[in-house]
Protein chains: 2
Amino acid sequence: MTSRAGARKRDTYRHGDLRNALIQAGLELVRDGGPDAVVLREVTRRVGVVPNAAYRHFADRNALLRAVRQAALAQLAAAMETELAALPSADDPAESARARIRALATSYLRFAQAEPGLFRAAFSTSDMADTENASADGPGGLTAFQLLGAALDDLVESGALPLDRRPGAEYFVWSAVHGLAVLLIDGPLRGLLPVQAHEAGQRLMDSIERGI
Amino acid sequence: MTSRAGARKRDTYRHGDLRNALIQAGLELVRDGGPDAVVLREVTRRVGVVPNAAYRHFADRNALLRAVRQAALAQLAAAMETELAALPSADDPAESARARIRALATSYLRFAQAEPGLFRAAFSTSDMADTENASADGPGGLTAFQLLGAALDDLVESGALPLDRRPGAEYFVWSAVHGLAVLLIDGPLRGLLPVQAHEAGQRLMDSIERGI
DNA sequence: TGCGCATTGTGTACAATGTCCACATTGCCG
DNA sequence: CGGCAATGTGGACATTGTACACAATGCGCA
């Protein structure tokens with residue numbers, strides 16, 4: 001029974017794609033429990049492999065966490081792209097750009113509330129975060145940040161935003177949205193009713209439009 | 001040598017104020033290393049006491065962390081109060097209120113960059129954060145959040161802010177400032193030069209003033 | 001004054017975790 | 001087909017949070 005045993009082979013010595021399996025398990029853990037829940041031993045346990053096996057694919061528990069973070073960021077980017085795609089096409093380019101920014105903000109906030117664990121992981125420091133570097137992009141190949149930048153560029157192009165206000169604008173928009181997201185899931189606004197949270201989001205986006 | 005030994009008595013059986021000593025040591029650790037650096041055993045080690053001694057004052061490592069977080073929040077509030085106090089008195093009440101808001105935002109951002117560890121700890125979740133509840137206030141008895149609220153109230157009173165825009169305004173302001181702070185110390189804006197960070201802060205505050 | 005008891009700190013112990021090292025099992029490539 | 005790099009296993013160790021039983025201490029009451 002060293003090689004083949006009845007119908008069942010020795011399922012997994014060569015797992016095939018352990019690296020990804022580990023990341024997937026990590027995502028599960030992070031989903032409810034945040035970054036700290038990504039315990040190396042538990043991850044490998046779920047995949048049915050010995051703890052040290054992880055070290056063939058990640059230098060560190062931290063490296064694994066980084067990979068999970070990238071995956072979480074990718075999911076966020078994907079959610080934002082989806083929201084963008086569902087947008088009805090407007091005639092007015094300025095209005096269209098504004099609508100896109102609202103859509104991005106909305107999906108960002110929604111993601112944070114629907115998947116707080118993933119969201120926290122996506123923006124946790126741990127070591128030396130690489131929020132933008134590697135493959136944190138969505139299916140469209142753009143990161144969340146880049147999606148926002150594009151919308152802002154279009155806003156300028158449509159003439160709705162003076163060019164001298166453009167530089168740094170994404171920092172303002174992102175700051176506001178990210179800040180609210182954090183306050184909602186970790187800060188004093190935690191535990192707000194969904195309706196109230198939604199209202200806060202709407203007010204925030206109004207302020208953002210005025211402030212850009 | 002059970003009781004008295006030479007000149008030195010058995011220095012610390014009754015430590016006197018262990019609870020606070022632990023919090024203080026926790027603050028040191030959090031300062032460079034963030035919340036995860038608050039390791040119960042290391043904290044007690046620094047105070048020169050056995051690990052379990054901590055359990056006479058805190059139910060949990062988490063309870064200790066909560067206390068440290070409160071202390072960090074208090075330091076933030078104190079920094080903001082100081083900045084407010086240093087403000088020259090303006091005649092125009094509207095201008096004064098605006099200046100106060102800027103001062104609050106400035107000190108908030110400055111604190112985050114000067115003490116990222118404390119800042120991160122102050123807003124880390126861990127369990128069930130109590131950013132506002134307990135004694136997270138500064139010397140003046142107001143939390144950071146309340147300081148902001150007061151300034152906004154004055155802005156309304158001075159007629160510079162329509163009353164119907166008041167509700168929820170602090171969420172917008174705080175979101176924007178907090179978001180930038182986080183992006184600066186953890187996010188993609190991490191490692192920006194101080195000058196650039198300052199500039200981003202200025203732009204942000206301009207946008208906030210417009211957006212309120 | 002002196003004694004008893006609640007408070008506060010100690011000692012020992014245990015399970016869990018991250019990571020190191022040496023070894024085993026593969027599959028692929030020459 | 002034989003060896004080698006890649007991948008997974010086993011066992012070990014220091015560190016951590018925490019539980020339980022015990023010791024020292026000092027305050028309140030006799």
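This is a predicted model: local features need pLDDT of at least 70, side-chain atom pairs count only at pLDDT 80 or more; totals for chains, interfaces and linings use all residues.
**Exercise 1.** Describe how helix α8 of chain A packs against helix α8 of chain B.

Solution. 
Step 1. Two packed helices are described by the angle between their axes and the distance between the axes.
Step 2. In each chain, α8 covers residues 194-211. The angle between α8(A) and α8(B) is about 115°, and their axes are 7 Å apart.
Step 3. Angles of 65 to 115 degrees count as roughly perpendicular. The helices α8(A) and α8(B) are therefore roughly perpendicular to each other.
Step 4. The crossing of α8(A) and α8(B) is right-handed.

**Exercise 2.** List the residues through which α8(A) and α8(B) meet, and sort them by class.

Solution. 
Step 1. On the side of α8(A), the residues are Ser207(A), Arg210(A) and Gly211(A). They meet Ser207(B), Arg210(B) and Gly211(B) of α8(B).
Step 2. Sorted by class, this contact has four polar residues, two charged residues and no nonpolar ones. For the sorting, Arg counts as charged and Gly as polar.

**Exercise 3.** Find the relation between chain A and chain B.

Solution. 
Step 1. Two copies of a chain are related by a rotation about an axis and a shift along it.
Step 2. Chain B is superposed on chain A by a rotation of 180° with 0.0 Å of shift along the axis, at an RMSD of 0.0 Å.
Step 3. This is the relation of a two-fold axis.
Step 4. Of the interface residues of chain B, 100% are also interface residues in chain A, so the copies meet through the same surface.

**Exercise 4.** Determine whether Ser175(B) is buried or exposed, and name its contacts.

Solution. 
Step 1. Ser175(B) is placed in helix α7 of chain B, residues 169-185.
Step 2. Its relative accessibility is 0%, so Ser175(B) counts as buried. The cut-off for buried is under 20%.
Step 3. Neighbours within four places in sequence are left aside. Ser175(B) then contacts Glu170(B) in chain B, and Ser175(A), Ala176(A), Gly179(A), Leu180(A), Leu183(A) and Leu204(A) in chain A.

**Exercise 5.** Classify Asn62(A) and Asp92(B) by relative accessible area.

Solution. 
Step 1. Asn62(A) belongs to helix α3 of chain A, residues 61-85. With a relative accessible area of 19%, Asn62(A) is buried.
Step 2. Asp92(B) sits in the loop between α3 and α4 of chain B. At 38%, Asp92(B) is partly exposed.
Step 3. For Asn62(A), the C-alpha atom is 9.3 Å from that of Leu40(A), 22 residues apart along the chain. For Asp92(B) and Ser158(B), 66 residues apart, the C-alpha separation is 8.5 Å.

Definitions and conventions
Residues are numbered from 1 along each chain as its sequence is written. Chains are lettered from A and ligands numbered from 1 in the order in which they are written. Side-chain values use heavy atoms; hydrogens and water are left out. Axes are lines fitted to C-alpha atoms, for helices over the stretch in contact, and angles run from 0 to 180 degrees between N-to-C directions. Helices (H or I, at least four residues) and strands (E, at least two) are DSSP runs, numbered from the N terminus. Angles under 35 degrees count as roughly parallel, over 145 as roughly antiparallel, 65 to 115 as roughly perpendicular and the rest as oblique. A crossing is left-handed if the near helix is turned anticlockwise from the far one by less than a right angle, and right-handed if clockwise. Contact means heavy atoms within 4.5 Å. Buried means under 20% relative accessible area, exposed over 50%, partly exposed in between (1.4 Å probe, protein chains only). Copies are superposed by least squares on the C-alpha atoms of residues with pLDDT of at least 70 in both.
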